[in-house]
Amino acid sequence: MNITITRNPNPATPPAGDYGFGSKFTPHMFLLDWKDGQWRDPRIVPYGPFTLDPAAKVLHYGQEIFEGMKAYRNGADGSVHMFRADRNIRRFNISCERMCMPQVDPDLFMRALNMLIDLDRDWVPESPNALYIRPTMISTQVGLGVKASTEYVFFIIIGPVGSYFAGGISPLKLKVEEKYVRSAPGGTGYAKTGGNYAAALLPIQLAQKAGYDNIIWLDAREKKYVEEMGAMNIAFVYEDRIISAPTGDTILDGVTRDSVGILLKDMGYNWVEEHPAIAEVIADAHSGKLKEVLACGTAAVVTPVGLIHFQGQDHTIGDGKEGPITEKLRKTLTGIHAGTSEHHPEWIFKVPQVD
Ligand SMILES: Cc1ncc(COP(=O)(O)O)c(C=O)c1O
């Protein structure tokens with residue numbers, strides 16, 4: 001399928017500095033419609049609002065999925081590349097399957113990303129800032145029957161975002177969520193669907209009101225084992241191993257978590273995927289067996305956790321500052337993002353320049 005381009009007649013100029021997160025978008029977006037059992041009309045058009053019928057299914061039953069990924073500018077030659085775009089495309093199609101939505105051909109997906117980013121290439125800021133990429137699919141069929149939609153729109157919007165570390169490294173303070181759960185076995189935890197995030201808003205807001213940055217989710221069955229965070233995965237650094245929960249069907253299979261596991265193994269560490277029991281984690285923080293805790297995700301890359309609140313008490317991790325393994329990982333990964341590291345060239349998807 002050919003992707004057509006309608007250029008924005010009045011493109012804005014890219015903003016200078018202070019990008020924030022998710023509030024600035026480039027002059028173009030990609031659109032693709034699903035109708036009569038097939039994808040139709042892949043096109044790049046000027047960025048702008050949609051018209052949706054008030055009875056469109058997405059507005060009532062939340063049949064929606066999305067991805068979050070980044071493109072970076074190479075510090076040496078100015079070229080632009082996506083980080084592990086193949087993994088995000090794969091995860092998007094896994095989410096499609098769970099949410100009863102039609103999958104997008106990975107080749108078309110990749111071409112759409114390349115063409116859109118190339119067209120708005122000037123908007124890719126200098127590293128460690130990045131271009132955030134938000135592929136999304138919504139169900140648009142009109143009708144209130146609770147059934148999978150017969151019509152969908154797939155779209156991609158992109159925009160510059162600032163570095164999470166712009167104000168320096170400040171270790172996270174996390175509250176273990178002991179009442180609410182994010183996902184249960186057999187649920188939608190492994191899919192990147194809006195409802196998972198809507199259900200998390202209240203517990204995250206309560207934790208933030210109490211002075212914490214975010215929450216740690218426990219398993220739904222026993223509320224004993226650490227699963228992940230609001231929008232990041234989490235790992236626990238011991239003297240002889242680094243533990244993160246296996247992803248399974250209740251946890252989002254983070255691209256950053258996967259990269260962290262591979263980099264740690266490259267560095268000779270023992271990366272173990274098993275369920276960390278929260279009571280042990282806290283006891284080990286006090287005994288000193290637990291050295292560091294790190295959070296990882298596309299937005300924050302790798303960031304230290306300095307404190308965990310559990311059963312009414314705050315527990316400091318190590319000395320509450322960034323530990324050496326977290327720092328080494330953060331620097332290695334941000335180096336790969338910036339194109340200044342030679343590690344894992346297969347993670348770099350260079351955006352071809354057409355004109
Ligand atoms: C619930 C959840 N877990 C983990 C992650 C980390 O995933 P990734 O590293 O692919 O950004 C995210 C971010 O997308 C998330 O929303």
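Trainee: Is leucine 144 buried or exposed?

Mentor: Leucine 144 is exposed, because 10 other C-beta atoms lie within 10 Å. A residue is called buried if 20 or more other C-beta atoms lie within 10 Å of its own, exposed if 12 or fewer, and partly exposed in between, with C-beta atoms placed from the backbone. This is a predicted model: local features need pLDDT of at least 70, side-chain atom pairs count only at pLDDT 80 or more, and totals for chains, interfaces and linings use all residues. Residues are numbered from 1 along each chain as its sequence is written.

Trainee: Where is leucine 144 in the chain, and what does leucine 144 touch?

Mentor: Leucine 144 sits in the loop between β7 (130-139) and β8 (152-161). Helices (H or I, at least four residues) and strands (E, at least two) are DSSP runs, numbered from the N terminus. Not counting residues up to four places away in sequence, leucine 144 touches Ala55 and His60. Contact is defined by C-beta atoms, placed from the backbone, lying within 7 Å.

Trainee: How many Å separate the C-alpha atoms of leucine 144 and glycine 323?

Mentor: They are separated by 52 Å, and the two residues are 179 residues apart along the chain.

Trainee: Next, domains. Which ones does the assignment give?

Mentor: Domain 1 (4-163) and domain 2 (172-338); such bounds come from an automatic or database domain assignment. Taken over C-alpha atoms, their centres are 27 Å apart. Domain 1 puts 22 residues into the contact and domain 2 puts in 15 residues.

Trainee: Which elements supply the side of domain 1 that touches domain 2?

Mentor: β4 (64-66), β5 (69-73) and α2 (85-98) each supply at least two residues. The largest share, six residues, comes from α2. By class, that side of domain 1 has nine nonpolar, six polar and seven charged residues. Here Ala, Val, Leu, Ile, Met, Phe, Trp, Tyr, Cys and Pro count as nonpolar, Asp, Glu, Lys and Arg as charged, and the others, Gly among them, as polar.

Trainee: Which residues are around the ligand?

Mentor: Gly68, Glu228, Ala231, Met232, Asn233, Leu252, Gly254, Val255, Thr256, Arg257, Gly297 and Thr298. The criterion is a C-beta atom, placed from the backbone, within 6 Å of the molecule. The shell has four nonpolar, six polar and two charged residues.

Trainee: Which helix gives the most to that shell?

Mentor: Helix α5 (residues 255-266), with three residues. Its twelve residues should span 16 Å at 1.5 Å a residue, and the end C-alpha atoms are 17 Å apart, which agrees. The expected span is 1.5 Å times one less than the number of residues.

Trainee: What is buried in α5?

Mentor: Val255, Thr256, Arg257, Ser259, Val260, Gly261 and Leu264 are buried there. Just after α5, glycine 268 takes a positive phi of about 95°.

Trainee: Which residues touch the most other members in the largest nonpolar core?

Mentor: Ile216, Ala235 and Leu294, out of 42 residues. A nonpolar core is a set of buried Ala, Val, Leu, Ile, Met, Phe, Trp, Tyr and Cys residues joined through C-beta atoms within 7 Å. Strand β15 (residues 290-297) gives the most to this core, with five residues. Apart from this core lies another, of 41 residues, among them Ile133, Ile138, Tyr152 and Phe154.

Trainee: What is isoleucine 216 in contact with?

Mentor: Leaving aside neighbours within four places in sequence, isoleucine 216 is in contact with Leu174, Val176, Glu177, Val226, Met229, Ile234 and Ile308.

Trainee: What about the phi of arginine 84 and glutamine 311?

Mentor: Arginine 84 has a positive phi of about 50° although it is not a glycine. Glutamine 311 also has a positive phi of about 50°, and is not a glycine either. Arginine 84 lies in the loop between β6 (80-83) and α2, whereas glutamine 311 is in the loop between β16 (301-310) and β17 (313-316).

Trainee: Why does arginine 84 count as buried?

Mentor: Because arginine 84 has 21 C-beta neighbours inside 10 Å. Glutamine 311 is exposed, with 10 other C-beta atoms within 10 Å.

Technical notes. Contact = placed C-beta atoms within 7 Å.
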